[in-house]
Amino acid sequence: METTATRRTRGIRRGTTVLLLLAAVACNPVEAIPEHQEELAQQEQELQSTNSATLNGLAFNGLAFNGLAFNGLAFNGLTSAEFSAWFNQNDSLAATVMRYVVTCAVKAGETRTFTDSKGRTYVWQGSLGLAPDWASGQPATVTEQQLVSACLAAHVNKFGRRVAISVQGRNARGESIATTPAELQEFSQREGCFFGNLFTHEGVFAGNDDRPLGSYESSVRACALGRAGACAPIVQAGSCAASCTRDPTNTYYTQCTRNGITYAPITTRIHPQDIYTCGDLKCQFTESCGIGLSTTHCTLDCGICLF
């Protein structure tokens, strides 16, 4: 992981209102005092590894759009009254949301900080840098809105568990997310394309970048390769190839079209071993006992149900 150069942040001004109501994995606030620096570094390492490879564990439980004033992720403190009011409604939930928002929008080497009404200071680390103008305090452009929305959707996990993914695509200025041949080789399983806009009520979509999982297959990552309705409110969009355009290197998609609207997408890859197969003699938490070879009745892995 790159060394973090901590910078102060500037207040969010009033602007487009977006409330991301997300039920997510536990994320405790980080108290930015010396005795907690080791804990802070460990939490940052959990979320970001090298370049575009990150951990996901975000689970959508619903989306609403009527509370959070996000007109910029600036440099000297998230101090607007609107942001504080939104954050304090559910500080644990808001901390998780902000953790992923900053990961997606802000570049590596920068952080955003916030001190809540209880005097607790939260520090969130940038990584992908998809929204450079928004991250510098300006209103988010439509492309930045789309990319942050797509990135949040890409980090959603139906089961709220963490698993490494490789995030591919371009930022709002058309610059490719940094990656390496080694990363592409490690994350050799193509997974999906994610696109949409949470800022404008257009929703978010997930398409499969490989064949959908069969009845005998399952994965912690169920939103792209899984069946329709697996990750509501994310809408399954079918094959990425049918609605999206690949970049010249065939690594990621540059645009996707849905309902006549063209979006800037995010493309994901995963480890091949993160797809489970009924018959590998290991009962995964995504599999169940029963008589059969499907994930819901996997005799070979989970046995026959006794009750």
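This is a predicted model: local features need pLDDT of at least 70, side-chain atom pairs count only at pLDDT 80 or more; totals for chains, interfaces and linings use all residues.
Start with N171. Where does N171 sit? It is in the loop that runs from β4, residues 163-168, to α6, residues 181-186.

Is N171 buried or exposed? The relative accessible area of N171 is 10%. The cut-off for buried is under 20%. So N171 counts as buried.

What does N171 touch, once we set aside neighbours within four places in sequence? The contacts are G129, L130 and L147. T143 is also worth a look. T143 and N171 are 28 residues apart in sequence, and their C-alpha atoms are 8.6 Å apart.

Now the side chain of N171. One of its polar atoms lies 2.9 Å from the backbone nitrogen of R173. The side chain of N171 also makes a polar contact with the side chain of E175, at 2.7 Å.

On to the strands. Here we have an open sheet of 3 strands. The order is β9-β10-β11, and the pairing is antiparallel. Which strands stand at the edges? They are β9, residues 244-246, and β11, residues 261-263. Each has a single partner strand, so one side of each has no neighbour in the sheet. On average, neighbouring strands here are turned by 20 degrees against each other, direction ignored.

Last, the β9 pairing. How many bridges join β9 to β10? There are 3, and the two strands run antiparallel. β10 covers residues 253-258. Take C244 as an example: its bridge partner in β10 is C256.

Key: Residues are numbered from 1 along each chain as its sequence is written. Side-chain values use heavy atoms; hydrogens and water are left out. Helices (H or I, at least four residues) and strands (E, at least two) are DSSP runs, numbered from the N terminus. Buried means under 20% relative accessible area, exposed over 50%, partly exposed in between (1.4 Å probe, protein chains only). Contact means heavy atoms within 4.5 Å. A polar contact is a pair of N or O atoms within 3.5 Å; within protein, one must be able to donate a hydrogen and the other to accept it, and residues adjacent in sequence count only if both atoms are side-chain atoms. Two strands pair if DSSP finds at least two bridges between them. Axes are lines fitted to C-alpha atoms, for helices over the stretch in contact, and angles run from 0 to 180 degrees between N-to-C directions.
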